[in-house]
Amino acid sequence: MISKIEALVLGDVHLGHPNTSTQHIVNVLRAVFGGTPKNEDLNWIIFEGDVFDRLLQLPANEVHVLRSWIHDFLKWVKQRNIRVDILEGTPSHDWKQSEEFLTINRMSGIEADVHYHTQLSIVRIDRFDIDVLFVPDEWRSSAEETWSEVTHLLTRHGLDSVDVAVMHGMFPHQIPKLAGRVDVHDPEKYLSIVRRCVFIGHVHQASQMDRIYAAGSLDRLAHGEEKAKGYYRVELRNNEVDRIKFVENRLAKRYVTVDCTG
């Protein structure tokens, strides 16, 4: 058990994206997880889902690039005794391909502390003395059905709340008001059962509402994403106010639109 959790939270990496190359994204990941002083105290890494963009085929060059990075990343976290939690994102993006982290970890004999969550679950992390709720995207046909299962899950665990929630999906404040009817999670319900932070992936724009934090996508993946991209650095301290800071990815790819009207 430790007195301070130093976490790095990121989401929507989209390895294998057709626009922003996997090599570029991997270069960014290597910079984020480099051996810089800012990472000396890091002990927890959370991927909020959509690590992958699409189903990749073995001969694809992206596969070799990302596997090389996964191997090096696992060695890096093992050396620093960092726990890694990876949430399954949108099924049409991830396709459960984050299993590669576990496979490479096992076959290479690295034995890093890596956990992959494909099911709605509550996990007790004794090392941090916290309970964490994991909610994959599209777990049920509606957000209301998912919430119903969350309440039953809390009961089965003998809990009325958890410390942290890691989700993939949307809350109402993350979508345009003119978007029409969209199935979204209820923020008040989740804030009522999460004592500290809710981290959510899926919408690529970073945002914060109350204790709900969305890192957005790590990099730009299309036109119209001019705002800053990046991730969160999080300090969770016993009996103190949590410190959460958005860190900009200054290596993010630029998509420049030129108006040639006239």
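This is a predicted model: local features need pLDDT of at least 70, side-chain atom pairs count only at pLDDT 80 or more; totals for chains, interfaces and linings use all residues.

Author: Two strands count as paired if DSSP finds at least two bridges between them.

Strand β12 covers residues 243-248, and six bridges join β12 to β11 in the antiparallel sense. Strand β11 itself, residues 230-237, is mostly covered, with eight of its eight residues buried. β11 also pairs with β1, again antiparallel and through six bridges. Within that pairing, glutamate 6 has glutamate 235 of β11 as its bridge partner.

Strand β1 spans residues 4-10 and runs parallel to β2, with four bridges joining the two. Leucine 10 is placed opposite phenylalanine 47 of β2. Strand β2, residues 44-47, is covered on both faces. Trp44 and Ile46 are buried on one side, and Ile45 and Phe47 are buried on the other. The cut-off behind the word buried is a relative accessible area under 20%.

Strand β3 consists of residues 83-87, and its pairing with β2 is parallel, over four bridges. Here isoleucine 45 stands opposite valine 84 of β3. Between β2 and β3 the chain passes through helix α2, residues 61-79, and this β-α-β crossover is right-handed.

Helix α2 brings in a helix partner. Two packed helices are described by the angle between their axes and the distance between the axes. For α2 and helix α1 (residues 22-32), the angle is about 10 degrees and the axes lie 9 Å apart. Angles under 35 degrees count as roughly parallel, and α1 and α2 are therefore roughly parallel to each other. On the α1 side, the contact is made by Thr22, Gln23, Val26, Leu29 and Arg30. On the α2 side, Glu62, Val65, Leu66, Ser68, Trp69 and Asp72 take part. Sorted by class, the contact of α1 with α2 holds five nonpolar, three polar and three charged residues.

To recap the strand pairings of this part: β12 is joined to β11 by antiparallel pairing, and β11 to β1 likewise by antiparallel pairing. β1 and β2 run parallel, and β2 and β3 also pair in the parallel sense.

Key
Residues are numbered from 1 along each chain as its sequence is written. Side-chain values use heavy atoms; hydrogens and water are left out. Buried means under 20% relative accessible area, exposed over 50%, partly exposed in between (1.4 Å probe, protein chains only). A crossover is right-handed if, with the strands pointing away from the viewer, the path from the first strand over the helix to the second runs clockwise. Axes are lines fitted to C-alpha atoms, for helices over the stretch in contact, and angles run from 0 to 180 degrees between N-to-C directions. Angles under 35 degrees count as roughly parallel, over 145 as roughly antiparallel, 65 to 115 as roughly perpendicular and the rest as oblique. Contact means heavy atoms within 4.5 Å. Ala, Val, Leu, Ile, Met, Phe, Trp, Tyr, Cys and Pro count as nonpolar, Asp, Glu, Lys and Arg as charged, and the others, Gly among them, as polar.
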